[in-house]
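This report describes how the parts of one model are arranged. The sequence and structure come first.

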Amino acid sequence: MSSEQLEALKEEIWRRARERAERILKEAEMEAERILEEAKKRVEESLRSSLESEKILLRRRMLGRALSEGRRMLIMAKSEVVEKVFARALEKLRSEAESKSEAYRSFLRRSLEQALDHVSGPDVDEVIVYANESDLDLIASMIENAPVSMRLERASMIGGLNASDAGGQRIYYGSIESRLEALKPILREKIAATLFRGVGA
Amino acid sequence: MSIASILLEEKKAMMYVEEARKRAQEIIQRARAEAERILRGSSDTEAMRMELRRYEESLKEEAERILSEHRARAERIRAIPEELIEKAADLVVREVLGS
């Protein structure tokens, strides 16, 4: 083998060695890049997933609070209006009682009948009727022919009457205040149906 | 130059390749270490906090919209005309007096 041939062989050995080394390093760099990309991708996915659940919780908490505060405002407003209606109704009832209107007289008569039904009985000697002072004469005229002994007592009320037996074991509540309180749950619904349709409430 | 010198060159070339292989290993190990570091630091990043803060701001606006809608509805309820209040009060009177 001539010296030129040997030199060429040496060059060839080194050319191949350099090529191989370069390939090895290039592949390593590509692998390193893949490893880093994969890690970044996993981080992004994990962040996105925990971010999404954080967002859902945050949304539920903040909007839930706003909705419940909003509902509270609507309930308060409706309640104020309903109370205004009751206050106005009470004024009207007071006026009915004071004027002894026909509607009021009928109410008083029916209340008296119901009181007698409820309180009187074979073991009851006397029925005590409690009423507003201004109604006592009117009630007295209504009980003239009552089948049981009756006693009238003055009481502080807008109108109507309460009644009991002498021992206080049977009691009938028929004053305007009692009737109003007893009817309030049903009346609230009726008032709401009358007032809050069509106001976007 | 002889065959012996060629063998020597061949050995040097192999060592050169071997050296490249070692460097390649180091490159990959560094990448794995960096990947580990990236994965460990992923739980609570500034980017996530920023994104959540931005989202919270948009939710505040949405919550305020909900509140002002409800506030407006509450005002409409309070502004119910007097004649309707009168009508409802008359209904109460009728129910109480049973007429």
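Which strands of chain A does H2(A) lie across, and at about what angle does H2(A) run to E3(A)? H2(A) lies across E1, E3 and E4 of chain A, and its direction is at about 15 degrees to E3(A). The model is predicted.

**The sheet of chain A**

Four strands of chain A form an open sheet in the order E2-E1-E3-E4, with mixed pairing. Its edge strands are E2 (149-154) and E4, each of which pairs on one side only. From one strand to the next the twist averages 20 degrees.

| Strand pair | Sense | Bridges | A residue pair |
|---|---|---|---|
| E1(A) and E3(A) | antiparallel | five | A:Tyr130 opposite A:Asn162 |
| E3(A) and E4(A) | antiparallel | five | A:Asn162 with A:Tyr173 |

H2(A) covers residues 102-119. At 1.5 Å a residue, the 18 residues of H2(A) should span 26 Å, and the 25 Å between its end C-alpha atoms agrees with this. The buried residues of H2(A) include A:Tyr104, A:Phe107, A:Leu108 and A:Ser111; A:Leu112, A:Ala115, A:Leu116 and A:Val119 are also buried. Among the elements that cover these buried residues are H1, E1 (126-131), H3 (136-142), E3 (160-165) and E4 (171-175) of chain A, together with H3 of chain B.

A further helix, H4(A) (residues 176-195), lies across E3 and E4 of chain A. H4(A) runs at about 90 degrees to E4(A).

**Where the chains meet**

In the contact between the chains, 53 residues of chain B touch 67 residues of chain A. On the chain B side, the elements that give two or more residues are H1 (3-40), H2 (46-78) and H3 (82-97). H1(B) provides the largest share, 18 residues. The chain B side divides into 32 nonpolar, five polar and 16 charged residues.

How are H1(A) and H1(B) placed relative to each other? H1(A) (residues 3-99) packs against H1(B) at an angle of about 5 degrees, and their axes are 9 Å apart. Angles under 35 degrees count as roughly parallel, so H1(A) is roughly parallel to H1(B). The residues of this helix contact comprise 26 nonpolar, no polar and 12 charged.

Terms used: Residues numbered from 1 in each chain as written. Chains lettered and ligands numbered in written order. Predicted model: local features only at pLDDT ≥ 70, side-chain atom pairs only at ≥ 80, totals over all residues. Contact = placed C-beta atoms within 7 Å. Nonpolar A, V, L, I, M, F, W, Y, C, P; charged D, E, K, R; others polar. Axes fitted to C-alpha atoms, helices over the stretch in contact; angles between N-to-C directions. Parallel < 35°, antiparallel > 145°, perpendicular 65-115°, else oblique. Expected span 1.5 Å × (residues − 1). Buried ≥ 20, exposed ≤ 12 C-beta atoms within 10 Å, placed from the backbone. Pairing = 2+ DSSP bridges.
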